[in-house]
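Me: I would like to go through this model and ask, for several of the labels attached to it, what stands behind them.

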Amino acid sequence: MRVLLGISGGIAAYKSAELVRLLTRQGCDVRVVMTEAATQFISPLTFQALSAHPVHTQLLDANQENAMGHINLARWADLFLIAPATANCLAKFSYGLADDLLSTLYLAVECPVFIAPAMNQAMWHKPTTQENINRLIRHGMTIIGPDAGSQACGDIGPGRMTEPEAIVQKLCIQNNPGILQGKKILITAGPTREKLDPIRYITNRSSGKMGYALAEQAQQLGAQVTLISGPVVLAAPEHVNTVLVESAEEMYTAVMQHIADQDIMIAAAAVADYTPVNVKAEKIKTQNDQTELQLHKTKDIVASVASLTNKPFTVGFAAETENLKQYAQDKLTRKNLDMIAANWVGQKEGGFDSAVNALQVYWQNGQKIFPMTNKSQLANQLLALIAEKLHA
Ligand code: C5P
């Protein structure tokens with residue numbers, strides 16, 4: 001995707017450097033346009049280095065126009081993102097003033113336009129600014145944010161530019177609208193709890209964040225989502241049919257009750273592989289120095305789904321501390337999966353209970369690597385890949 005990024009003169013301009021990095025990591029080709037004021041906050045050289053292309057700053061500059069004129073730049077873009085957009089920038093867009101390169105490009109582009117405002121909270125609240133925003137929305141522009149919080153000027157309130165990761169996520173969703181429209185997806189998430197007695201159980205460090213991010217993103221991409229979740233501290237995602245369970249056995253039963261008609265199953269849960277043979281009715285008393293627990297295997301939920309005659313497109317997860325690729329590919333075959341998403345655990349960053357992760361995804365005769373990013377974005381990337389394979 002070819003993204004034209006416009007940067008106007010606000011302190012949030014420093015965040016746009018991260019925005020360019022995230023967009024290029026998503027595989028976008030990014031060209032940067034800065035206003036004169038923006039160059040006072042951050043050097044064009046930074047953006048030239050990050051985007052690997054010269055930065056456009058002047059409307060009436062023969063050299064820049066020779067390289068790629070403003071009309072060609074406008075035609076080149078698949079998407080025009082302005083972040084940060086100052087109050088002045090919004091006013092110019094709203095009234096069609098075209099006295100510099102950025103505002104001229106706004107008039108010249110025919111692609112979708114996304115605007116991430118950033119300004120002092122009083123400037124944001126000013127009726128003039130609100131009218132400008134409403135006009136831009138009526139004209140079909142998408143406004144992202146602003147977020148509320150403490151501001152560079154010391155004020156507290158709305159006006160902070162939305163964080164780069166959230167902006168990129170919004171762009172991804174808007175540009176894949178409905179890739180899962182009409183699809184039914186069942187997702188398992190979180191750990192399971194295997195009871196030993198009324199107060200003790202065996203569990204693991206899964207937080208459920210990846211499964212919940214998948215459920216939220218799938219819903220936003222148009223899918224009808226059922227989430228079967230083990231015990232977690234996360235709020236149930238909106239518009240998702242969430243079924244809460246505790247043990248591996250309960251998760252198995254819930255999945256089997258809901259699996260008919262599903263197009264896709266994603267097993268993100270860290271299901272206990274073993275469960276105690278006997279659950280004691282009373283608290284186990286402390287006696288010997290050593291004791292033994294007898295465990296038996298749980299039913300493999302994802303493998304059971306993958307063995308159904310009308311099996312959905314089935315995706316498993318593999319969290320490993322060693323031999324990631326080999327173990328993941330082995331699970332792909334052994335469990336008859338269509339795809340497996342593998343990630344390292346026990347590393348400095350990512351994995352269980354972390355807000356970020358990186359994935360190595362394998363399917364028959366193919367693989368794709370998603371570098372470390374937040375779990376929402378990762379979920380979006382994985383779902384886009386699943387949709388692509390499903391349609392293929
Ligand atoms: O074999 P292992 O537990 O490492 O496999 C991981 C994958 O299998 C995950 O997708 C997990 O959700 C799924 N699984 C399952 N039922 C089990 C054990 C694992 O669905 N009892």
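Me: This is a predicted model, and my opening question concerns the open sheet: what is the order of its 8 strands, and what kind of pairing does it have?

Reply: The open sheet runs in the order β12-β11-β8-β13-β16-β17-β18-β19, and its pairing is mixed. From one strand to the next, the twist averages 15 degrees.

Me: What makes β12 and β19 the edge strands?

Reply: Strand β12, residues 241-244, and strand β19, residues 366-374, each pair on one side only.

Me: How do you know that β8 and β13 are paired, and which way do they run?

Reply: Pairing requires at least two bridges between the strands, and 4 bridges join β8, residues 184-189, to β13, residues 264-267, so the two count as paired; they run parallel. Within this pair, T188 stands opposite A267 of β13.

Me: Which helix packs on the sheet, and which strands does it touch?

Reply: Helix α14, residues 324-334, packs there and touches β16, β17, β18 and β19, its direction making about 155 degrees with that of β17.

Me: How do you know that the span of α10 is close to the expected one?

Reply: Helix α10, residues 164-175, has 12 residues and reaches 16 Å from its first C-alpha to its last, to be set against the 16 Å expected at 1.5 Å a residue. Its buried residues are P164, I167, V168, Q169, L171, C172 and I173, and the elements that cover them include α1, β3, β4, α11 and α15.

Me: Why is E18 called partly exposed?

Reply: The relative accessible area of E18 is 30%, and because buried means under 20% and exposed means over 50%, this value falls in between, so E18 is partly exposed. The residue is located in helix α1, and its C-alpha atom is separated by 20 Å from that of V113, which is 95 residues apart from E18 along the chain.

Me: How many residues surround the ligand, and which are the closest?

Reply: There are 14 residues around the ligand, the closest being A267, A269, V302, F317 and K331.

Definitions and conventions. Residues numbered from 1 in each chain as written. Predicted model: local features only at pLDDT ≥ 70, side-chain atom pairs only at ≥ 80, totals over all residues. Heavy atoms only, no water. Axes fitted to C-alpha atoms, helices over the stretch in contact; angles between N-to-C directions. Contact = heavy atoms within 4.5 Å. Expected span 1.5 Å × (residues − 1). Buried < 20%, exposed > 50% of the residue type's maximum accessible area, 1.4 Å probe, protein only. Near = heavy atom within 4 Å.
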